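Subject: Structure for your review

Dear colleague,

I am handing over the structure we spoke of, and below it I set out what was found in it. Please read the text with the model open beside you.

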Amino acid sequence: MIDFLRTLFRGRPALIKGTSKLAEGYSKKVDLGDPLAGGKQVVLCRVRGKLYALDAVCPHAAGRITDGPLFDGKHALCPLHNYLFEPETGRAVRGACANAKTYKVRERDGDCEVWA
Ligand code: FES
């Protein structure tokens with residue numbers, strides 16, 4: 001049943017309300033569905049006026065990318081080993097690991113849609 005629902009909703013974005021309030025250089029964690037039922041947690045990051053979405057699961061060792069102020073106002077941080085990630089691309093800019101997973105984001109009328 002869950003696989004059927006995933007197939008049905010694949011390709012449809014999740015609407016997140018009020019994201020225009022996220023300040024420059026800050027990030028916010030958002031749950032997309034129930035994590036215990038296959039949902040995801042993403043970290044929305046505002047960099048140079050644009051909104052980006054990273055998967056909250058760190059690609060290094062399954063820590064969690066944190067929210068709040070971005071490091072230097074532009075990099076997302078995983079506090080487990082202090083690796084930094086570029087929200088635009090997911091690239092690890094401090095630490096050696098795979099890129100963080102990124103998701104397409106579209107801002108509209110003060111809200112945003114995330115394809116995760
Ligand atoms: S688990 Fe994220 S930096 Fe190590």
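Two strands are said to pair if DSSP finds at least two bridges between them, and the helices (H or I, at least four residues) and strands (E, at least two) are themselves DSSP runs, numbered from the N terminus. This is a predicted model, in which local features need pLDDT of at least 70 and side-chain atom pairs count only at pLDDT 80 or more, while totals for chains, interfaces and linings use all residues. Residues are numbered from 1 along each chain as its sequence is written.

With those terms in place, an open sheet of 3 strands can be described, which has the order β6-β7-β8 and antiparallel pairing. Since β6 (76-78) and β8 (92-94) stand at the edges with a single partner strand each, one side of each is left without a neighbour in the sheet. On average, neighbouring strands of this sheet are turned by 35 degrees against each other, direction ignored, where the axes are lines fitted to C-alpha atoms (for helices over the stretch in contact) and angles run from 0 to 180 degrees between N-to-C directions. The antiparallel pairing of β6 with β7 (residues 83-85) extends over 3 bridges, and C78 stands opposite Y83 in β7.

A further open sheet is formed by 7 strands in the order β1-β10-β9-β4-β3-β2-β5, again with antiparallel pairing; its edge strands are β1 (14-16) and β5, each of which pairs on one side only. Within this sheet, β2 (residues 26-32) and β3 pair in the antiparallel sense over 6 bridges, with K29 opposite V43 in β3. Likewise, 6 bridges join β3 to β4, which run antiparallel, and here L44 stands opposite A53, while the bridge partner of R46 is L51. These two strands, β3 and β4, form a hairpin with 2 residues between them, and R48 in the turn has a positive phi of about 50 degrees.

For the chain as a whole, the secondary structure comes to 1 helix and 10 strands. Of the 116 residues, 26% count as buried, a residue being buried if 20 or more other C-beta atoms, placed from the backbone, lie within 10 Å of its own, exposed if 12 or fewer, and partly exposed in between.

Leaving aside neighbours within four places in sequence, L54 is in contact (C-beta atoms, placed from the backbone, within 7 Å) with residues including V42, V43, I65, A76 and F85.

Lastly, R64 lies in the loop between β4 (50-55) and β5 (68-69) and is partly exposed, with 15 other C-beta atoms within 10 Å. Beyond its neighbours within four places in sequence, R64 is in contact with A56, V57, C58 and C78.

Key
Contact = placed C-beta atoms within 7 Å.
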